[in-house]
Amino acid sequence: MKPRNDPGYILRHFNAIAGSYDFMNTLLSLGLHHRWKRLAVEALGLVPGERVLDVCGGTGDLAILAAHAVGPEGRVVLCDFSLAMIEAGMPKIRRVAPAGRPDAVQGDAECLPFPAEEFDGAMVGFGIRNLAHMDRGIAEMHRVLKPGGRLMVLEFSLPVTGWFRRLYDFYSFSLMPLAGKVLAGNRTAYLHLPESIRRFPPPEDIKGLLERAGFGQVGYRRLTNGIAVIYRGVKR
Ligand SMILES: C[S@@+](CC[C@H](N)C(=O)[O-])C[C@H]1O[C@@H](n2cnc3c(N)ncnc32)[C@H](O)[C@@H]1O
C-alpha cells in the first residue's frame, strides 16, 4: 500500500522529479501556473522593504516574484526540505531574480527554522497539500508571521462545473500519468498529483482551518474554474 503524506515518501517523490519539475509544471498546466503564481503573489500585497517567507518553495517561482516585489531593501527566504528541488531552481533564480536574492534554506514546513514574528508575509504554493500534518504547517506560518502579517496559500482544487470536472478527471488520471511516464520517466509520481488533489479538502474547509489557526479576514479566490485556489488571511 502506497503511503499517503509520509514525509519520507514525499521527499523521495520531489527528489525524483526535481530535474524535470519546472518543465513538467509548465507542460501539464499548459503554462497556466505562471499566471496563477503571479496573481497569488499579488494577493499578498507586498511592498518594498518587506520580509517574506516562501514555504515549500521548491524551484523558487513564488520567491522570485516576491523578490521583485519587495525590492533591494526587502528579504525573501525560500524554505524547502528537498535540496534537489532547491538546487534545480538555482540556475533560474540566478537568471531572473534580483541579484543575491532570494535566500534558500533547507527546512521542514512543520518545524520552520525561523524565530517567531520574523516575517511580514508567508506564502506556500502547491505545498500544503503534501504535508503530513497540514495544521502544523499552518500553525508554523502563523508563528513566524508578525501580528498583522499576511498569509497566502496557493493550492489545487477541483473544477466547479460538471463537464469541466469530467474533462479534468480524464486529463489528470489518464493524460497526466502518461505524460509523466513518457517525458519524465515516472508514471507513479504523476499519479500522486491527481490523487493528492482529490484527497485535499474543499476551499470552505481550508478557510475554516485558517480561521481556527488564528487568521482573520480569510478569503479565497478560485482560478480557472477552481483548478487552483488562492487563499489569503491576516494574522490576528
Ligand atoms: C509541488 S512543489 C511546489 C514548489 C513551488 N512552491 C511551486 O509552486 O512551484 C511542493 C514542494 O513542497 C516541498 N515540501 C513538501 N513537504 C515539505 C515539508 N514538510 N517541508 C518542506 N518542504 C516540503 C517539496 O519538496 C516540493 O519542493
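How many residues lie between β6 and β7 in their hairpin, and which residue in the turn has a positive phi? The legends below take up this turn and several other close-up views of a predicted model.

**Figure 1. The hairpin of β6 and β7.** The hairpin formed by β6 and β7 has 4 residues between the two strands. In the turn, T224 has a positive phi of about 50 degrees. The two strands pair in the antiparallel sense, over 7 bridges. Within this pairing, R222 stands opposite V229 in β7.

Figure 2. An open sheet is formed by 7 strands, and its pairing is mixed. The strand order is β3-β2-β1-β4-β5-β7-β6. β3 (103-106) and β6 (215-223) each have a single partner strand, so one side of each is left without a neighbour in the sheet. From one strand to the next, the twist averages 15 degrees.

**Figure 3. The pairing of β5 with β7.** Strand β5 (residues 145-156) and strand β7 (residues 228-235) run antiparallel and are joined by 7 bridges.

**Figure 4. The packing of α7 against α8.** Helix α7 (residues 162-184) packs on helix α8 (residues 189-199) at an angle of about 150 degrees, and their axes are 7 Å apart. The two helices are therefore roughly antiparallel to each other. α7 passes α8 in a right-handed crossing. On the α7 side, the contact is made by S172, F173, M176, P177, A179 and G180. From α8 come A189, Y190, L191, L193 and P194. By class, the residues of the contact of α7 with α8 divide into 9 nonpolar and 2 polar, with no charged residue.

**Figure 5. The crossing of α2 and α7.** Helix α2 (residues 21-28) and α7 cross at roughly 145 degrees, and their axes come within 11 Å. The crossing of α2 and α7 is right-handed. M24, L27 and L28 are the α2 residues that meet M176, A179, L183 and A184 in α7. The contact of α2 with α7 has 7 nonpolar residues, no polar and no charged. M176 and A179 of α7 also take part in the contact with α8.

**Figure 6. The packing of α3 against α4.** Helix α3 (residues 32-43) and α4 pack with their axes 10 Å apart, at an angle of about 45 degrees. That angle makes α3 oblique to α4. The crossing of α3 and α4 is right-handed. In α3, the contact residues are K37, R38, A40 and V41. They meet D61, L62, L65, A66 and A69 in α4. The contact of α3 with α4 has 6 nonpolar and 3 charged residues, but no polar ones.

**Figure 7. The residues around the ligand.** Of the 21 residues around the ligand, those that come nearest are C56, G58, S82, A109 and G125. The elements that give two or more residues to this shell are α1 (7-17) and α4 (61-70). The largest share, 3 residues, comes from α1. By class, the shell around the ligand has 10 nonpolar, 7 polar and 4 charged residues.

Terms used
Residues are numbered from 1 along each chain as its sequence is written. This is a predicted model: local features need pLDDT of at least 70, side-chain atom pairs count only at pLDDT 80 or more; totals for chains, interfaces and linings use all residues. Axes are lines fitted to C-alpha atoms, for helices over the stretch in contact, and angles run from 0 to 180 degrees between N-to-C directions. Angles under 35 degrees count as roughly parallel, over 145 as roughly antiparallel, 65 to 115 as roughly perpendicular and the rest as oblique. A crossing is left-handed if the near helix is turned anticlockwise from the far one by less than a right angle, and right-handed if clockwise. Two residues are in contact if their C-beta atoms, placed from the backbone, lie within 7 Å. Ala, Val, Leu, Ile, Met, Phe, Trp, Tyr, Cys and Pro count as nonpolar, Asp, Glu, Lys and Arg as charged, and the others, Gly among them, as polar. A residue is near a molecule or strand if its C-beta atom, placed from the backbone, lies within 6 Å of it. Two strands pair if DSSP finds at least two bridges between them.
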